[in-house]
Amino acid sequence: MAPLRIAIAGASGRMGRMLIEAVLADDGMALAGALAAAGRPAIGQDAAAFLGRASGVAITADLESALTGADVLIDFTRPEGTLAHLAACREFGVKAVIGTTGFSDVQKDQIAEHARHIAIVMAPNMSVGVNVVLQLLDTAARALSHGYDIEVIEAHHRHKVDAPSGTALAMGGVVAHALGRDLKDCAVYGREGVTGERDPSTIGFATIRGGDIVGDHTVLFAGTGERIEITHKSSSRVTYAQGSLRAARFLADKANGLYGMNEVLGLG
């Protein structure tokens, strides 16, 4: 069977390099393209130069060049860049795995429109473990629907540009849905000064940024006399890379549609 041909967006970044290394190590995949923003020092270099080897694929800022011959693009960049990449994927018939976070509702609608023409997996977190945690949170929220205050605490490295993280919002969204609430109506993103007594119908978010923290997420259910904490901690971006490759394989026989990691992992 021919290998699945993968193009990587953000190829000169931390996540992009992790994805390139993972693709090159996978016997069922081949690196087909490496995309970086114009002006980046890595433009023109071999995509695997950071590994001390040659892949035969040069990093480019040209979308058509990066996508020609690719089956799937994996994209962990910024919302505006991802949307431009998706438009090109639609033009060239390339499927997409999106790990980018921070999309507005309007941008999410644009992604859904692209998914009518190409197959897309989009998830705020590609980690298999995180997506299992989302299932656990649904169960916990339904069982702890009364008498428990709910807080979402997340920590990431100093370079992360959006807050709360997409994963934290996904966790809050799962909990809110299980409780029959809309996260937009019940989320509290900051507390300062005399805030008054806590509204039990709210879901609070706390954000930490510092150092090189890959990603920590905890959902706290605080009741009277007990606390339940469901936590996921990432120590390496390898988990995101491996989940992304699993998502790419899932798309191999899909013509179009917008999918999440639940479908990829068969979680229902």
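Colleague: Starting with F250: buried or exposed?
Modeller: F250 is buried, at 17% relative accessible area (buried is under 20%, exposed over 50%, partly exposed in between, with a 1.4 Å probe and protein chains only). This is a predicted model, where local features need pLDDT of at least 70 and side-chain atom pairs 80 or more, while totals for chains, interfaces and linings use all residues. Residues count from 1 along each chain as its sequence is written, and side-chain values use heavy atoms, leaving out hydrogens and water.

Colleague: OK, how many aromatic pairs are there?
Modeller: Two. Rings of Phe, Tyr and Trp (its six-membered ring) pair with centres within 6.5 Å; planes under 30 degrees apart are stacked, over 60 edge-to-face, the rest tilted. Y189 and F205 have ring centres 5.0 Å apart and planes at 35°, so that pair is tilted.

Colleague: Where do those two sit?
Modeller: Y189 is in the loop between β8 (187–188) and β9 (203–209), and F205 is in β9, 16 residues apart. Strands are DSSP E runs of at least two residues, helices H or I runs of at least four, numbered from the N terminus. Y189 is partly exposed at 46% relative accessibility, whereas F205 is buried at 6%.

Colleague: And which type is the F250 and Y259 pair?
Modeller: Edge-to-face, because the planes are at 80°, with ring centres 5.2 Å apart.

Colleague: Switching to helices, at what angle do α1 and α8 cross?
Modeller: Roughly 55°, and the axes of α1 (residues 14–25) and α8 (residues 238–251) come within 9 Å. Axes are lines fitted to C-alpha atoms over the stretch in contact, with angles from 0 to 180 degrees between N-to-C directions.
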